[in-house]
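This report covers the ligand site first. A pocket and a cavity follow.

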Amino acid sequence: MNKDSANMLDHFLSHLESVFSISLRDAQEIIRNFHQEMRYGLAGGKSSLKMIPSFVGRPKGAEKGKFLALDLGGTNIRVLAVELDGNGNAALAAVSKFAIPQDVMSGTDGKLFDFIADCIKLFFKENNIGTQQAYDLAFTFSFPVEQSSIASGKLIGWTKGFTAGGVEGEDVVALLSEALRRKGTGFIHVAALANDTVGTLVAKSYADPSCDMGVILGTGTNACYPEKIAHILKCPGLGASGEMIVNMEWGGFSQLKTNIYDHLLDRASLNPGKQLFEKMVSGMYLGEISRLVIVEMMERGLLFRGTSLSAFSKGYALTTEHLSMTAQGTDFFAAFGLRDVTTADRQTIQEICRIVSTRSAKLAGAAIAAVVAWMDEKIESDHTIAIDGSLFEKYPGFQGYMKDILNDLFGARSARIKLELAKDGSGIGAAIIGAVAAFARDGGGG
Ligand code: GLC
């Protein structure tokens with residue numbers, strides 16, 4: 001590379017670094033804006049945070065019984081049998097996983113719930129579970145749902161690439177129950193509906209009472225926390241005392257400093273103008289942001305010179321897994337037909353991945369800081385944050401950047417905030433919620 005090209009490359013990379021940077025001041029502003037949007041959302045005003053009451057509080061650890069759980073939220077459906085012993089322990093008795101075909105995710109024929117019911121039938125078969133008795137099922141549905149009770153709620157709008165017809169605006173528990181009946185599995189009763197964040201918080205706090213936030217950092221991103229019922233002004237009928245977990249739907253947060261790549265991604269997305277925070281943070285989009293940067297750099301002759309753009313021209317061709325490989329020191333070049341990649345290009349790609357993923361981790365960290373500070377302004381207590389999702393679990397360095405921003409914001413007090421992996425908590429959490437619902441339904445008698 002000659003000197004001029006090297007200068008142009010340096011110049012472009014430092015420009016990139018600055019348009020993706022999150023300074024301490026930016027993080028403080030995010031916290032202020034989060035608090036304002038939380039306040040409006042809880043009061044029922046216009047807000048990019050939906051702040052949805054979940055109709056459950058944190059568990060007591062004494063919930064007991066055997067439940068089925070159904071987890072729908074990404075490219076797979078999971079069906080689980082969960083046993084709760086009443087002493088804070090939950091065991092998985094059986095699990096089956098099914099990939100959701102693209103035509104079911106985006107079909108217009110209303111077949112999504114029939115597909116789900118078929119998966120549940122297969123789960124019974126695969127695990128040799130008898131169908132002679134009645135079962136309670138807890139449904140983790142990881143999309144924005146306006147809940148009206150512990151076991152009912154309407155889908156507000158699809159996120160994360162789902163577009164299946166006939167579901168938006170409908171009660172998803174009713175749709176599931178009808179499909180179960182149609183498929184001859186009416187012996188399954190849908191006892192509870194929960195967002196994955198709520199399931200994650202409930203699962204962790206079943207055994208750890210200092211857990212007061214559930215976060216997902218995976219294909220999508222979102223969080224929930226227990227709110228004082230008296231603060232949920234938009235629902236005066238919930239009562240005067242106690243707490244209820246609120247699903248924030250923080251993927252929709254929109255008071256953010258966006259750049260040209262965010263705009264390009266948003267404009268070409270299935271839900272333009274929506275889920276802006278999710279589009280800057282979650283696993284579904286980080287590869288795409290990086291692809292847009294790569295395409296621009298190739299067009300400017302700053303990357304992979306002499307190679308055709310075509311390998312990178314398809315939307316979402318680059319995934320977060322590809323970025324994760326780069327961060328681990330391997331690469332994705334062969335998958336894109338690139339051979340003999342120069343050292344300079346390799347380093348450039350590493351830089352792009354670092355810049356894009358660092359912003360994501362810092363935004364996630366700042367958002368957690370906002371919620372913790374909302375619950376405990378001076379960070380005087382311990383807070384365990386239950387976090388699930390592949391970005392948090394697997395992306396090299398991600399947790400470190402999250403901790404860095406918490407440390408920048410709160411100094412030594414940030415040690416009171418523990419970020420803990422809560423793997424697959426959402427299904428177990430839903431079962432615990434199912435136990436609460438079944439207990440209430442059976443008159444608290446068992
Ligand atoms: C999306 C959904 C939200 C879910 C999150 C994580 O943001 O709207 O309900 O919790 O993804 O799966």
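## The ligand shell

This is a predicted model. In it, α6 (196-205) and β10 (221-228) each supply at least two residues of the shell around the ligand. The shell has 15 residues, and those that come nearest are Lys160, Asn195, Asp196, Glu249 and Glu278. By class, the residues of the shell divide into three nonpolar, eight polar and four charged.

## Polar contacts and burial

- Glu278: an N or O atom of the side chain is 2.4 Å from an oxygen atom of the ligand.
- Glu249: a polar side-chain atom lies 2.6 Å from an oxygen atom of the ligand.
- Thr159: an N or O atom in the side chain is 3.0 Å from an oxygen atom of the ligand.

How much of the ligand does the protein bury? Taken alone, the ligand exposes 310 Å². The protein buries 98% of that area.

## The second largest pocket

The second largest pocket holds about 380 Å³ of space. It is lined by 20 residues. Closest to its centre are Glu63, Ile432, Ala435, Val436 and Phe439.

Which element gives the largest share of this lining? That is α14, with six residues. Both α14 (425-441) and β2 (64-72) supply at least two residues of the lining. The lining of this pocket divides into eleven nonpolar, three polar and six charged residues.

## The cavity

Rolling a probe the size of a water molecule over the atoms shows where empty space is left. The structure holds one cavity of 30 Å³ or more. About 70 Å³ of space lies in the largest cavity.

Its lining includes Ile52, Pro53, Ser54, Phe141, Phe143 and Val145. Gln147, Leu193, Ala194, Asn195, Val198 and Asn247 line the cavity too. Three strands, β1 (52-53), β6 (145-149) and β8 (188-194), each supply at least two residues of this lining.

What classes of residue make up the lining of the largest cavity? Eight are nonpolar and four are polar, with no charged residue. Asn195 lines this cavity, and Asn195 is also among the residues that come nearest to the ligand.

Methods. Residues numbered from 1 in each chain as written. Predicted model: local features only at pLDDT ≥ 70, side-chain atom pairs only at ≥ 80, totals over all residues. Heavy atoms only, no water. 1 Å grid on protein atoms, 1.4 Å probe; cavity = no way out; pocket = protein on both sides within 12 Å on 5 of 7 lines; lining within 4 Å. Points joined across faces, edges and corners; volume = space filled by probe spheres on them. Helix = DSSP H or I, 4+ residues; strand = E, 2+ residues; numbered from the N terminus. Nonpolar A, V, L, I, M, F, W, Y, C, P; charged D, E, K, R; others polar. Near = heavy atom within 4 Å. Polar contact = N/O pair within 3.5 Å; in protein donor to acceptor, adjacent residues only side chain to side chain. Areas by Shrake-Rupley, 256 points an atom, 1.4 Å probe, with all protein chains shown as cover.
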